[in-house]
Amino acid sequence: MRLPYVVEHLSSPILCILKACRTGRDLFQVHSSIIRRGYEQDHFLIAQFISLGAAILPGNILYINSVFNSVSEPNIYLWNIMMKMHCESSSLDDCFLLFRRMRQGPCVVPDKYTFPSCIKACGSAVALWEGRIVHASAIRAGVDTDVFVGSSLIDCYGKCREIDCARKVFDEMHIRNEVSCTAMMVAYINSGDTASATCLFNEMPKKNHVTWNAMIKAFMKLGDMKNAQRIFDLMPLRDEVSYTTLLDGYAKAGDMAAARSLFHDLPQKDLVSWSALISGYVQNGKPYEALKVYSKMCTMNVKPDEFIMVSLMSACSQIGSLDLAKWMESHIRNKSFDPKGSYFAAALVDMNAKCGNMARATLLFETMAKKDLIAYCSMMQGLCIHGQVSKALALFDRMINEGIAPDTVAFTVALTACSQTGLVDNALQLFDLMTRKYSIDPSPDHYACMVNILGKSGKLRAAYQLIQSTSVELHASAWGALLGACKLHGNVELGEVIACKLFEIEPRNAGNYVLLSNIYAEANRWLNVVRLRDRMSEKGVRKVPGVTYLETGA
């Protein structure tokens, strides 16, 4: 009988001292006392020590491992604590090493508390093969139908896009609760099957906050804000996550009026909701509104985090004010953030480049302790903005030589650099490198860059054939680039074909009509010019006058 043993330790002085620990130094002193008094094999005390040690010293797993390894025959409770700690903070390989070691240990059998942590780690890493290994172990242990183990398996298979496996686990569960039903519903949502998710949602007898919020997100992904709002209105109780989720949805849909209204209705505004509103304004090209919201947030004594500061730097980039960029850097330091941290560095490079201080952007980039893909892309884009195309392409090569694989954004930046100076051969080499070596499917942006490069160099038919050969649905910028090339090279026939396509894609864009009208005018086809302007009048399409902003020094 172990109960008296536990009660004895609950009142023991060393356990009371352990619970009072707040720093690593405190913990080390208590550990010394445990060793001196011979309590290293006390499972209950060591379990308490490891749990507290993981919280106080989250980055010192080696030390926690050494404490655990000093226990000659740890029980399942100790193993489960270690499994949970490793699954939350270690690599998947380390988790599996510990899992195998536990299974090989004497007199220890994994239980229903062992598997959820392992399965969650597999799902987070999208490791299907490893997840199936843990699933097989759970079956052998006879706990695969447990509600918590089953819910974890459904979540893991859902993240790995194995929806049939997730459904099989769900159907075989003897008991289901709102957690397991929500996990199945989220699996459907992640696989794009919103209809099945909605059916399951409607059938659920009991729903928690996670369930309601997941359904709101599902409709948001479809751009169906009407149904997202309907689900929000049906919620019996709404928390900050519910408001922020819907607010973020309206921001992504471009409806900042609805987002702002929802923000005002929020009973308690936390840091996440402030961040969602600020980033929403930035994403929708309203940097001044973002700065106003931040100013209001500061008056409410809400301390900003890294996400908000990066959003503000993006707002400064959109405004393009050098003075504002300098203030932003100073403000970051005043708020005790480290501007050389990896989270800020790329954003600072981008902000300074777009605000005209390329020397500062270069200095920040070159002094970064570790340059990642985002930092390289920010620097390349800054060089392109300032017309330093050769340096941008050289930086792209340097990035690859340093072992950093380019992604779709990096190739877009590099192709954009080629289009600025008409480097057709370089662009074709990059396009081939992207598809062959890195197996990246070209996006509409990549095709738009290639069409622009080929069109400007006079290869109009080649550009048109490229558009015709792809199954990717191209946006207006690709067709617009080719129409501009038709004007540049005076190709009326192809210009008419491209313009007709643009009239279908964006019938209210006056720029396309004006461009075709200019093509006709340069070919002295004045009758076509008149007819086209009459067509614009009939459709109510008007050219909006251009506006230029200049920043002047004091």
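A polar contact is a pair of N or O atoms within 3.5 Å; within protein, one must be able to donate a hydrogen and the other to accept it, and residues adjacent in sequence count only if both atoms are side-chain atoms. Here's one to look for: the backbone oxygen of Ala-276 lies 3.1 Å from a polar atom of the Ser-279 side chain. Keep in mind that this is a predicted model, where local features need pLDDT of at least 70 and side-chain atom pairs count only at pLDDT 80 or more, while totals for chains, interfaces and linings use all residues. Residues are numbered from 1 along each chain as its sequence is written, and side-chain values use heavy atoms, with hydrogens and water left out.

**The whole chain**

- The chain has 33 helices and zero strands; both are DSSP runs numbered from the N terminus, with at least four residues (H or I) for a helix and at least two (E) for a strand.
- Its C-alpha atoms fill a box of roughly 105 × 55 × 50 Å along the principal axes.
- Of the 554 residues, 47% count as buried (buried is under 20% relative accessible area, exposed is over 50%, and partly exposed is in between, using a 1.4 Å probe and protein chains only).
- The accessible surface comes to about 28800 Å², and 54% of that belongs to carbon and sulfur atoms (areas come from the Shrake-Rupley method with a 1.4 Å probe; for residues, only the protein chains shown count as cover).
- Take the contacts (heavy atoms within 4.5 Å) between residues at least 6 apart in sequence: 57% of them join residues at least 24 apart.

**Back to the serine**

- Ser-279 sits in helix 18, which covers residues 271-283.
- Ser-279 is buried, at 14% relative accessible area.

**Rings**

- There are 14 aromatic pairs in the structure (rings of Phe, Tyr and Trp, using the six-membered ring of Trp, pair if their centres lie within 6.5 Å; planes under 30 degrees apart are stacked, over 60 edge-to-face, and the rest tilted).
- One of them is Phe-96 with Phe-99, an edge-to-face pair at 6.3 Å centre to centre and 70° between the planes.
- Phe-96 is buried at 8% relative accessible area, and Phe-99 is buried at 2%.
- Elsewhere, Phe-28, Phe-49 and Tyr-63 make up one aromatic cluster.
- The charged end of Lys-207 sits over the ring of Phe-201, 4.9 Å from its centre (that takes NZ of Lys or CZ of Arg within 6 Å of the ring centre and within 35 degrees of the ring normal).
- Lys-269 lies over the face of Phe-263, 5.3 Å from the ring centre.

**Salt bridges**

- Side chains of opposite charge can pair when their charged atoms come close.
- The structure has 15 salt bridges (a side-chain nitrogen of Lys or Arg within 4 Å of a carboxyl oxygen of Asp or Glu).
- Asp-155 and Lys-159 form one at 3.2 Å, N to O; they are four residues apart in helix 10 (residues 147-159), so about one helical turn separates them.
- Asp-155 is partly exposed at 24% relative accessible area, and Lys-159 is partly exposed at 31%.
- Glu-496 bridges to Arg-525, with the closest N and O atoms 3.4 Å apart.
- Glu-496 lies in helix 31 (residues 492-505) and Arg-525 in the loop between helix 32 (510-522) and helix 33 (526-539), so this pair ties together parts 29 residues apart in sequence.
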